[in-house]
Amino acid sequence: MSCYNSSLFRVITWNLLLAMPIEPELSDTQKNIINEAEKLFANRGYYGVSLRDISGSCGISLNLIRYHFGSKDDLFRFAIQRRTKTMNRIMLSSLNKNIQAAQGELSIYTVVSAYVTAFDVLNSKKHKWRNYLKLLIHCDSLTDKPELIKGLRQAYQIVFESYVSAFERCGLSNKNANLAVYFMHTVVGQSAVEVYSISHLSNNVCDPNNDPSHTDQKIRFIANGLLTLTD
């Protein structure tokens, strides 16, 4: 497939994705259960939470939780995958917007900007996605539970491949483009979930919520690091 056709294919794929429903329809009871599960799993990790913990937190019986979501593993899978369509939509829309603005002259800074900006929007107080982002970062450490995160990785494969392709268009080899996405994901993810820790440790000197230049600083930090991968 030529570069042009590959790019056209991704534009078509993005447009199809943007037409998808954002999240599954849930009853109030299901939302209560899954929201509490997301918060507990994000803060304690997979191994630190039981269905009984979730039941006590949301005030819903174990039997009703099992009726709606099945086992703890089933509930965890649902928790980590329910926002994937929304997140894919935002991550790919940001990349598509930056590619169009670049008018074919892509740079590493442009691609990193697309990723970081989208993540910071999701991590803002307005969107209240911090628990989900923390949960995603936790999933990166579940190497002993590949069956739990298989669906999550499949769901985000289109985002991963699209950003790899964009980095390749910046002149990176396929291997280095893959490394770039993993590095970017790790830095942005950890930064997103550790905002309050950074603020506390620095005695509010480094408080991203009160620093409008934080996003640009993070983009430049990552982009400058990735320049070492250029051939």
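Select Arg130, Tyr132, Leu133, Leu135, Leu136, Ile137, His138 and Cys139: these are the buried residues of helix H8. Buried means under 20% relative accessible area, exposed means over 50%, and partly exposed lies in between (1.4 Å probe, protein chains only). Helices (H or I, at least four residues) and strands (E, at least two) are DSSP runs, numbered from the N terminus.

This is a predicted model, in which local features need pLDDT of at least 70, side-chain atom pairs count only at pLDDT 80 or more, and totals for chains, interfaces and linings use all residues. Residues are numbered from 1 along each chain as its sequence is written, and side-chain values use heavy atoms, with hydrogens and water left out.

**Helix H8**

Now select all of H8, residues 130–139. The helix is mostly covered, with eight of its 10 residues buried.

Show the side chains next. On H2, pick Glu38, Lys39, Phe41, Ala42 and Asn43; on H8, pick Asn131, Tyr132, Lys134, Leu135 and His138. These residues make the contact, meaning heavy atoms within 4.5 Å. Colour them by class: the contact of H2 with H8 has four nonpolar, three polar and three charged residues. Here Ala, Val, Leu, Ile, Met, Phe, Trp, Tyr, Cys and Pro count as nonpolar, Asp, Glu, Lys and Arg as charged, and the others, Gly among them, as polar.

**From Tyr132 to Gln81**

Gln81 and Tyr132 are 51 residues apart in sequence, yet 9.7 Å apart in space, C-alpha to C-alpha. Which residues does Gln81 contact, leaving aside neighbours within four places in sequence? They are Tyr132, Gly151 and Leu152. Gln81 is partly exposed, at 28% relative accessible area.

**The whole chain**

Zoom out. The chain has 13 helices and zero strands. Buried residues make up 48% of its 231 residues. Among contacts between residues at least 6 apart in sequence, 74% join residues at least 24 apart.
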